[in-house]
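This briefing is for a reader who has not seen the structure before.

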Amino acid sequence: MGGRARTQAEEELRYAWVDVAKGICILLVVMMHSTLGTGEAMGGEGFLHPVVAFAKPFRIPDFFLLSGLFVGRVLDRDWRRFADRRIIHFAYFYLLWLLLQSALKYETVAGDGGIPAFLAHLALALVEPYSTLWFIYLLAVFSIVTKLLRPLPGPALLGTAALLQIMPVQTSSFLVEEFCARYVYFVGGYLLADQIFAFSDAVRRYRRLALASLGAWALAEGWLAFTPSGIPDHPTLASLPGVGLAAGFAGALAIVALASLLAEAGGVVTGALRTCGKRSIVIYLAFFLPMAACRSLIVKTGVIEDVGLASLAVMSVAVVLPLLFERLIRGTWLGFLFRRPRVLHLTGTRSGEAALTTPLTGSRVIERQARG
């Protein structure tokens, strides 16, 4: 019994870092939106602006890499089951929150055009991702493309995705440009999942070497992120073609290493990060409203004059309030905001599978259900 308990604990620890990494990523995303918006509203910069600039090369790449880690476990399923897990799931939350965000911004969205302009906006959002919801939209697109291209050799698929990221693709479509810029990280997470988990295991075995490597990476990342390139279209070294790709993957692996060490260490901070990671999509879907409200309140009242402190306050509110709101409405009729109703599932869901099809998914739950 003791041996089995230890094995289960070790297995849970092996996957706990994914939630921690997701937590770090969602905090960096909210920090970026909160800091840049607050700085613009207050006409200055604060101590969080350098942190945002430092994280820019790897913030979104790491999120997509983590999102691709487990997609391989559903690619073998028939299209009906696959669509339920990877298409309808994301489409539901995208469309629902598209309506909510657009309705809250009705005057801005519709302008003088009224309802026809509002409907035109919604129609456009079906083919061009809207606002912060673009990430949810692309997850569905990436999943579809990956299933369709699965017969291709892994190196060819990854190499083609890398070329798309390096090439200066410029079109009138935000969707096309972001697909080219981000797909390599998603497919990299899918194709290199075993190696990434092995890397995480190695980090925990060789802690001192991992910490030293993280320090070296931070110095190199800072140099790349803050050194001007002299090229207008690529303002920093980290944004140069090829360099940006390497910086994205290096930063993503650095977050994997940091999350692995934190998961093993445990503690309050790790617990908070895991909570944010397990509910990362809850935060991502709902942070915009408390963020905008808090920023507006601070700017109008002048209660916080320091841009850095104001940005931190806005970020904190934007993270905490969605989590509290989700907890309050869990099990009520408002639960549909963060949990897809059973009637909208293409396939039946057993109680054990429910977590797999909600945005509150943790890596440990995914792994357990995939094996079961």
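Glu 264 is partly exposed, with a relative accessible area of 29% (partly exposed lies between buried, under 20% relative accessible area, and exposed, over 50%, with a 1.4 Å probe and protein chains only). The model is predicted: local features need pLDDT of at least 70, side-chain atom pairs count only at pLDDT 80 or more, and totals for chains, interfaces and linings use all residues. Residues are numbered from 1 along each chain as its sequence is written, and side-chain values use heavy atoms, leaving out hydrogens and water.

**Salt bridges**

- Glu 264 and Arg 207 meet through their side chains in a salt bridge, 2.8 Å from N to O (a side-chain nitrogen of Lys or Arg within 4 Å of a carboxyl oxygen of Asp or Glu).
- Arg 207 lies in helix 11 (residues 207–226) and Glu 264 in helix 12 (residues 243–265), so the pair ties together parts 57 residues apart in sequence; helices are DSSP runs of H or I, at least four residues, numbered from the N terminus.
- Arg 207 is partly exposed, at 43% relative accessibility.
- Salt bridges with shared partners join Asp 84, Arg 85 and Arg 340 into one network.
- Within the pair Asp 84 and Arg 85, the closest N and O atoms are 2.7 Å apart; Asp 84 is buried at 0% and Arg 85 is buried at 5% relative accessibility.
- The whole structure has nine salt bridges.
- Another salt bridge joins Asp 19 to Arg 274, with the closest N and O atoms 3.6 Å apart.
- That pair links distant parts of the chain, since Asp 19 is in helix 1 (residues 2–42) and Arg 274 in helix 13, 255 residues apart.

**A face of helix 13**

- In helix 13 (residues 268–278), the buried residues are Thr 270, Leu 273, Cys 276 and Gly 277.
- Seen down the helix axis, these buried residues fall within an arc of 125°, so they line one face of helix 13; the arc is that of the directions from the axis to the C-beta atoms.

**A buried arginine**

- Arg 86, found in helix 4 (residues 79–104), is buried yet has no salt bridge.
- The nearest side chain of opposite charge to Arg 86 is Asp 84, 11 Å away (Lys and Arg count as positive, Asp and Glu as negative; His and the chain ends are not counted).

**A buried loop residue**

- Phe 287 is in the loop between helix 14 (280–286) and helix 15 (288–301), and at 0% relative accessibility Phe 287 counts as buried.

Conventions
Helices (H or I, at least four residues) and strands (E, at least two) are DSSP runs, numbered from the N terminus.
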